[in-house]
Amino acid sequence: MLKNRSQANILYIDLSKKDYYIKNRPELLDKYIGGTGIAAQLLLEECPEGCDPLSPESPIILAVGPLTPFFPLASKTVALFKSPLTGNLGESHCGGRSAISIASAQLTAIVIKGKSKKPVFLTIDNERVYFKDATTLWGMDSNFTTGRILRQHEKGSGIRTIMRIGKGGENKVLFSGVNVETFRHFGRLGLGAVFGSKHLKALVITGQSTLEVTDNKEYKKVYKEIYETATESKLMNKYHDLGTAGNVKGLSDLGGLPTRNLQSGSFEKADDISGESFAKEHLGRRLACSHCPVGCIHVATLREPDPNDPFFFKTSMIGYDYEPIFAAGSMLGIHEKKGFLRLVHKIDSYGLDVMSAGVAMGWATEALEKGVITEKETQLKLKFGDWKTYRECVKKIVDRENDFYEHLAQGVEIASDKYGGKEFAMAFGKNEMAGYHTGPAAHIGLIIGSRHSHLDNGGYSMDQSELMKKLLPPEEVVDKLYEEEAWRQILSSLVVCFFARGIYSKELVTKTLALVGLDFAENDLMDVGNKILALKHKFKLREGFKFSDVRLPERIFETPTPVKNWDRKYIEDALAHADKFMQKNA
Ligand code: SF4
């Protein structure tokens with residue numbers, strides 16, 4: 001039995017009525033653990049079939065896991081929603097102080113529906129919800145300013161999270177995200193647009209509850225074990241030292257780093273934007289999500305002279321890791337670190353997903369070069385490497401400045417449907433690609449993953465560890481990816497950081513869950529993972545989604561990858577097999 005009753009509290013908020021209530025639902029945790037497991041069940045319950053993701057009925061679900069705030073690296077919150085970008089399941093994970101704040105407010109999940117008449121922000125404080133006027137925050141150019149104002153005016157610093165959207169979300173750019181604290185995001189699949197459609201500018205969540213474990217002595221022992229593995233293992237050191245940016249050079253050498261809209265898999269200037277180079281010239285500080293002893297968040301300092309005062313310098317702090325470096329660096333042919341940082345800062349201040357924004361601008365640049373579109377559409381001379389023009393382009397996307405940007409704000413697949421250049425529009429199922437062109441498993445993994453993220457399964461690492469040696473039949477690749485994805489459902493339900501996946505073994509998961517009063521036998525965990533995956537597949541099928549309907553841009557077959565001898569048919573066979581798996585599993 002759950003040791004703390006509050007760990008099963010679900011807060012339901014109706015923005016239209018400015019009303020809320022809490023329901024205690026321990027049966028959800030007994031069945032689906034927490035996090036993504038309970039969020040998937042809540043999504044099925046709360047999201048009407050076929051609903052418009054930007055309608056008031058469309059829910060936002062935020063959930064934390066039962067190990068928060070007890071164990072290191074159980075530091076994440078999961079958001080589930082119907083994605084306005086893809087039209088099916090949207091899932092995004094975020095750290096910062098989000099998870100610990102929600103758990104400390106005596107909640108395990110928050111369901112938000114409805115639409116406020118006026119812009120609003122919510123303060124959630126120990127099970128109470130306050131609806132506050134956000135009219136003056138709406139329309140601000142920088143969501144960093146919004147964050148600063150909320151930090152200064154809202155109480156509860158310490159265990160408090162501030163989630164907010166920028167102009168991108170307000171204007172319902174379909175790939176806008178939600179910024180959390182300053183350097184963390186619910187980045188992918190358009191959660192920002194869902195917030196915007198509800199006139200929900202921000203959430204401030206705080207709490208001071210006390211929670212108990214079932215056995216204090218055992219708790220201290222297990223805690224120490226996790227803490228020591230996290231701080232002493234080589235793998236985690238890597239995340240701390242250079243962070244994921246440390247992969248840039250290696251992937252480029254291998255030929256797996258998408259460059260200039262994937263016209264190449266190697267960037268001749270990869271050294272300039274490598275993790276090593278950023279660390280040497282710009283690394284200002286490393287940060288950690290709450291209750292994480294690793295600290296993988298790398299923040300660069302950018303010191304620039306004030307154009308009006310030669311003796312005055314402005315210093316900006318800008319987060320970077322592998323994905324932004326791919327999307328706003330190599331994908332756009334940008335190698336100047338300062339230019340890259342200024343572009344990322346711009347994208348971030350508008351609250352856009354940097355991955356989708358970079359891929360969208362990469363397509364627009366190539367389309368312009370090839371004459372598929374003209375400057376009449378872009379109003380800019382987009383050129384690979386020209387970060388200044390890309391900064392202007394970001395503003396035009398956010399403002400949906402003309403018909404072209406109106407389409408680009410809906411993602412690269414919609415834009416290429418209208419204007420052409422589909423063969424080099426780098427999206428799968430309307431979601432822009434991730435930064436891996438390592439081989440077929442990276443692309444298959446992104447497509448068949450329930451949320452279409454490179455984090456659903458390790459397709460990109462399977463390319464490097466297995467397929468580079470021997471190409472497996474596509475069906476076998478799919479089966480292996482699904483097996484891994486089922487296990488990742490457990491990690492996502494806890495919700496631990498995926499960087500800790502080497503630490504949280506089946507044995508440890510069972511032990512830690514027992515300490516909060518949840519009984520899951522080691523041998524049953526994979527079944528539970530498959531059940532959670534089935535919930536997601538059920539949602540996707542219900543919304544009419546099929547993997548084999550996903551458009552495959554010709555470019556992925558043209559640009560060589562480190563894995564050789566695969567083609568369109570190989571991917572199509574894999575997707576047909578994945579469809580069968582999904583049908584059976586749901
Ligand atoms: S390893 Fe990084 S992303 Fe993961 S919890 Fe720690 S700081 Fe956050």
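How many residues of the shell around the ligand are nonpolar, how many polar and how many charged? The shell divides into 10 nonpolar residues, three polar and no charged. This is a predicted model. The protein has 586 residues, and 56% of them count as buried.

**Ligand shell**
- There are 13 residues around the ligand.
- Those that come nearest are G95, C289, C292, C296 and C497.
- Domain 1 (5–206) and domain 2 (233–428) each supply at least three residues to the shell.

**Overall fold**
- The secondary structure comes to 24 helices and 17 strands.
- The radius of gyration is 22 Å, close to the 25 Å that the globule rule gives for 586 residues, so the protein is as compact as a globular protein of that length.
- The C-alpha trace spans about 65 × 60 × 50 Å along the principal axes of the protein.
- Among contacts with a separation of 6 or more, 69% join residues 24 or more positions apart.

**Nonpolar core**
- The largest nonpolar core holds 182 residues.
- A39, I61, A109, V359, L494 and V496 have the most contacts inside this core.
- Leaving aside residues up to four places away in sequence, I61 touches A39, L42, L43, A79, L80, F81, A109 and V111.
- Two of the I61 partners, A39 and A109, are also listed with I61 for the most contacts inside the core.

**Helix α19**
- Helix α19 covers residues 459–467.
- Its buried residues are G459, Y460, M462, D463, Q464 and L467.
- The cover over these buried residues includes α18 (440–448) and α20 (474–494).

Technical notes
Residues numbered from 1 in each chain as written. Predicted model: local features only at pLDDT ≥ 70, side-chain atom pairs only at ≥ 80, totals over all residues. Core = buried A, V, L, I, M, F, W, Y, C linked by C-beta atoms within 7 Å. Buried ≥ 20, exposed ≤ 12 C-beta atoms within 10 Å, placed from the backbone. Contact = placed C-beta atoms within 7 Å. Helix = DSSP H or I, 4+ residues; strand = E, 2+ residues; numbered from the N terminus. Rg over C-alpha atoms; globule rule 2.2 N^0.38 Å. Near = placed C-beta within 6 Å. Nonpolar A, V, L, I, M, F, W, Y, C, P; charged D, E, K, R; others polar. Domains from an automatic or database assignment.
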